[in-house]
Each structure stands twice: as structure tokens, then as C-alpha cells.
Amino acid sequence: MGFLARNIRRGSWPGLGGNLAIHAEDGPGARAHWLVTGRRGEARVARGTGPADCDVTGRARDLYLLLWNRGPADGLRVTGDPGVLATLGRTFHITWT
């Protein structure tokens with residue numbers, strides 16, 4: 001939630017072309033949810049669920065690696081528009097030096 005929210009506040013949010021829901025199957029209480037509101041002009045990251053154009057579900061470890069550009073979406077369930085997830089990866093490309 002931190003690095004996405006900072007980029008949104010700085011005004012560098014181009015939008016994702018849709019909303020992205022992230023679901024960890026092994027979070028607190030067996031599941032944890034986050035929603036990235038990714039439409040231009042509607043920038044928000046929050047815990048919880050809501051209408052999404054793309055849902056990504058899997059183990060927290062695999063989601064973490066995906067979101068930090070350290071692992072592929074292999075092994076995760078991606079439903080809906082996979083382009084939204086791909087745009088997130090391009091928009092928030094974490095680089096390591």
C-alpha cells in the first residue's frame with residue numbers, strides 16, 4: 001500500500017485502465033484483500049474488496065514477489081482483464097541497483 005499511495009499522492013498516477021483486486025489466501029483470518037482503484041482520476045489503495053476489472057488471488061508470498069517485480073504471475077489465479085495487472089507492473093516497475 002505504501003509505494004503505490006506515495007506515487008498516487010505525487011501526481012504520477014497515469015491510471016491502470018481499471019480496478020485491481022488482490023486477494024491473499026493465507027492472510028489474517030485465512031484471507032486478506034486489497035483494492036487498487038486504477039481509473040484515471042480515481043486513485044486509491046485500500047484494504048478490502050470491491051468491484052474489480054482484474055482479480056489476482058494466491059499465497060501472500062507469491063503476490064508479494066509479483067508486486068515487487070521479483071516473480072511472475074505463474075501459480076496465481078488471474079481473472080478478468082489481465083491487462084490491468086500488466087499495466088500495474090509497467091507503471092510501478094520497481095528497479096534494484
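Buried means under 20% relative accessible area, exposed means over 50%, and partly exposed is in between (1.4 Å probe, protein chains only). This is a predicted model, where local features need pLDDT of at least 70 and side-chain atom pairs count only at pLDDT 80 or more, while totals for chains, interfaces and linings use all residues. Residues are numbered from 1 along each chain as its sequence is written, and side-chain values use heavy atoms, with hydrogens and water left out.

**View 1. The whole chain, before we zoom in.** Here you have 3 helices and 5 strands; helices (H or I, at least four residues) and strands (E, at least two) are DSSP runs, numbered from the N terminus. Reading from the N terminus on, the order is α-β-β-β-β-α-β-α. Of the 97 residues in the chain, 37% are buried. Take the contacts (heavy atoms within 4.5 Å) between residues at least 6 apart in sequence: 55% of them join residues at least 24 apart.

View 2. Val-84, Leu-85, Thr-87 and Leu-88 are the buried ones in H3. Looking down the axis of H3, these buried residues fall within an arc of 160°, so they line one face of the helix; the arc is that of the directions from the helix axis to the C-beta atoms. Turned away from that buried side is a face with the exposed residues Pro-82 and Arg-90. Check the start of H3 too: a side-chain oxygen of Asp-81 comes to within 2.8 Å of the backbone nitrogen of Gly-83.

**View 3. Helix H2, seen the same way.** H2 covers residues 60–67, and its buried residues are Asp-62, Leu-63 and Leu-66. Down the axis of H2, they fall within an arc of 100°, so this set also lines one face of its helix. Arg-61 and Tyr-64 are exposed on the other side of H2. What do the buried residues of H2 pack against? Their partners are strand S1 (20–24), strand S4 (54–58) and helix H3 (82–91).

**View 4. The largest nonpolar core.** A nonpolar core is a set of buried Ala, Val, Leu, Ile, Met, Phe, Trp, Tyr and Cys residues joined through side-chain atoms within 4.5 Å. The largest one here has 16 residues, and Leu-20, Val-56 and Leu-85 have the most contacts inside it. At least two residues of this core come from each of S1, strand S2 (32–39), S4, H2 and H3. Leaving aside residues up to four places away in sequence, Val-56 touches several others, including Leu-20, Ile-22, Leu-63, Leu-66, Val-78 and Leu-85. In soluble globular proteins, nonpolar side chains tend to be buried together.

**View 5. An aromatic pair.** Searching the whole structure turns up 1 aromatic pair. The rings of Tyr-64 and Trp-68 have centres 6.2 Å apart and planes at 40°, so the pair is tilted. For the cut-offs, rings of Phe, Tyr and Trp (its six-membered ring) pair if their centres lie within 6.5 Å; planes under 30 degrees apart count as stacked, over 60 as edge-to-face and the rest as tilted. Tyr-64 is exposed at 53% relative accessibility, and Trp-68 is partly exposed with a relative accessible area of 25%.

View 6. Where does Asn-69 sit? Asn-69 is in the loop between H2 and strand S5 (77–80). Its phi is near 55°, a positive value in a residue other than glycine. Most residues other than glycine have a negative phi. With a relative accessible area of 22%, Asn-69 is partly exposed.

Technical notes:
A polar contact is a pair of N or O atoms within 3.5 Å; within protein, one must be able to donate a hydrogen and the other to accept it, and residues adjacent in sequence count only if both atoms are side-chain atoms.
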